[in-house]
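Please look over the model shown below, with attention to helix packing, nonpolar cores and backbone geometry.

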Amino acid sequence: MGYLFLIRHAQSEANSQRIMASRLPFPLTKAGKADADLIASQLSQSVTIQRIISSPLVRAIETAASFSRVFGIECEEDERLSEQDLGIYSGMTYDQVKEEPLYEMNTQNRWNWIPQGGGESYEMIARRVQSFFASLDPESQDNILIVTHAVTFRLIRAVLENTLPAYPSGFPNNGEIWKVHYKGLGVEHSIESLLLGNSKDFIHNP
């Protein structure tokens, strides 16, 4: 198919306050909105996007809106691109969660760990991510922009690199873009990182 351009939403209020946003409706910061506009403008100088698909969470939709304006196309929403549901830990700061005895601090031990209060394990996220990519047509020539979140990106990278149940510990900066020539599930893909706008300057916060 054409290329997938996967972007982590721009800086949100939760990122700036070191809060674990989970599924909560945190908007972008003023700087995040400006950066999303800048990234969209810069990307449009070298790429034409035919589809935009976003997580339905506010910070992702606000990021996608910048690209919709630049490329003149509507944004589609897909729940499978949402961030991890952290259950009772949603909305806690990173300092607060360190005091929670049942919170799994080691990111490499979260495949089967389900946060209390209806949260999702990494395995659950991986299943919905696989379902999303299975719905894409590898024969399509469309370039697609996909807007999603930090933890979801961990599982997306594992799906694209075909390493599940192993997954990376890192994730992209806010506003960072991954460019992938998508060939379907079960294939090891090469991922190119694009640092546009101010994405290289923001702190790594899930």
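Is Ser 22 buried, partly exposed or exposed? Ser 22 has a relative accessibility of 3% and therefore counts as buried, where buried means under 20% relative accessible area, exposed means over 50% and partly exposed lies in between, with a 1.4 Å probe and protein chains only. This is a predicted model, in which local features need pLDDT of at least 70 and side-chain atom pairs count only at pLDDT 80 or more, while totals for chains, interfaces and linings use all residues. Residues are numbered from 1 along each chain as its sequence is written, and side-chain values use heavy atoms, with hydrogens and water left out.

**Helix packing**

- The axes of helix H5 (residues 122-134) and helix H6 (residues 150-161) come within 9 Å and cross at roughly 60°; helices are DSSP runs of H or I with at least four residues, strands are runs of E with at least two, and both are numbered from the N terminus.
- H5 and H6 are therefore oblique to each other, a class that takes the angles left over when those under 35 degrees count as roughly parallel, over 145 as roughly antiparallel and 65 to 115 as roughly perpendicular.
- The contact, meaning heavy atoms within 4.5 Å, involves residues of H5 including Tyr 122, Ile 125 and Phe 133, and residues of H6 including Val 151, Leu 155 and Leu 160.

**Nonpolar cores**

- The largest nonpolar core has 27 residues, and those with the most contacts inside it are Leu 4, Leu 6, Phe 133, Leu 136, Ile 146 and Leu 160; such a core is a set of buried Ala, Val, Leu, Ile, Met, Phe, Trp, Tyr and Cys residues joined through side-chain atoms within 4.5 Å.
- At least two residues of this core come from each of strand S1 (3-8), H5, strand S4 (144-148), H6 and strand S5 (177-181), and H6 gives the most, with 7 residues.

**Backbone geometry**

- Most residues other than glycine have a negative phi, and most peptide bonds are trans.
- Ser 22, in the loop between H1 and H2, has a positive phi of about 50° although it is not a glycine.
- Arg 18 lies in the loop between helix H1 (13-16) and helix H2 (30-44) and has a positive phi of about 55°; at 38% relative accessibility, Arg 18 counts as partly exposed.
- A cis peptide bond with omega of about 10° joins Leu 164 and Pro 165, and Pro 165 is found in the loop between H6 and S5.

How values were computed: Axes are lines fitted to C-alpha atoms, for helices over the stretch in contact, and angles run from 0 to 180 degrees between N-to-C directions.
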